[in-house]
Amino acid sequence: MNNRSLVSLVLMSAVLTFTLFVTTQCQHEPIGNVNNLGGGDTTTHTVVQEDTNICFERDILPLFVSNCATSGCHDAISRVEGLNLTTYNNIMRGIRANLPNNSKYFTAITSGYMPPYSAMPQEQIALIKKWILQGAKNGTNCPSKCDSTSYTFTKNIQPMINTYCLGCHKGTSAGGGVDLSAYNGIKTAALAGSLMGTIEGKSGYSFMPKGGSSLNTCQKTQLKKWIAAGCLNN
């Protein structure tokens, strides 16, 4: 073999080696169903891009408090079945990060076992699932998404009531007989003064949300403006 052939052979070998290296380094995990190999667990789950708009303290905890940690159930006082679902650490005892279908509390919600009287709204279930898929992180001191200049029923008031109050106040089992699942019930409570009375903990009213954090100043302002404007169904 002459020197020219030997040089060509060496160059071809180098190119082939580099190509194989680049091909190997550019392999990516597929977006979608993947196998979780940690700890020998081969459960299939979905990887989703993190949504920084989801914050546990602001968005997830109120759903557990309203739907699960009600009086006589899994609040800090009743502790039915020994469960207190008012804190992140306690909730995580039944949640497996990234694995909603292997999370005891989530499957109880999706199966209809909990809450016991009426199902949690699908949009709330979807939000909890997304939080779990993103790692079930303990977000605290969350920035407020509230805008006190916006106070329409559909965009602001009903979603607020659904998050903080609906778990106790819906259907035939509504707490105190106050059903806040639809416009008419919310309007009635607002005009009677009981809605703001309970939210602000005024004399003669039980503070709401019971067992949960108080609505912030901006949210209370939205409610007051909506009521002052005539409780419009807008």
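## Ile91 and its surroundings

In this predicted model, and leaving aside neighbours within four places in sequence, Ile91 is in contact with Phe56, Leu61, Phe64, Leu85 and Tyr105, where contact means heavy atoms within 4.5 Å.

Ile91 is also listed, together with Phe56, Ile60, Phe64, Ile95, Ile128 and Trp131, among the residues with the most contacts inside the largest nonpolar core, which has 22 residues. Such a core is a set of buried Ala, Val, Leu, Ile, Met, Phe, Trp, Tyr and Cys residues joined through side-chain atoms within 4.5 Å, with buried meaning under 20% relative accessible area, exposed over 50% and partly exposed in between (1.4 Å probe, protein chains only).

## Helices behind the cores

At least two residues of this core come from each of α2 (56-67), α3 (88-91), α4 (104-110) and α5 (122-133), and α2 supplies the largest share, 6 residues. Helices are DSSP runs (H or I, at least four residues), numbered from the N terminus. Apart from this core lies another, of 18 residues, including Ile161, Ala189, Leu223 and Trp226.

## Gln219

Gln219 is placed in helix α9 (residues 217-228) and is buried, with a relative accessible area of 12%. Leaving aside neighbours within four places in sequence, Gln219 is in contact with Cys146, Met160 and Tyr164.

## Aromatic pairs

Rings of Phe, Tyr and Trp (its six-membered ring) pair if their centres lie within 6.5 Å, and by this rule the count comes to 4 aromatic pairs. Ring pairs link Phe56, Tyr88 and Trp131 into a cluster.

## Basis of the values

Residues are numbered from 1 along each chain as its sequence is written, and side-chain values use heavy atoms, with hydrogens and water left out. As the model is predicted, local features need pLDDT of at least 70 and side-chain atom pairs count only at pLDDT 80 or more, while totals for chains, interfaces and linings use all residues.

Notes:
Rings of Phe, Tyr and Trp (its six-membered ring) pair if their centres lie within 6.5 Å; planes under 30 degrees apart count as stacked, over 60 as edge-to-face and the rest as tilted.
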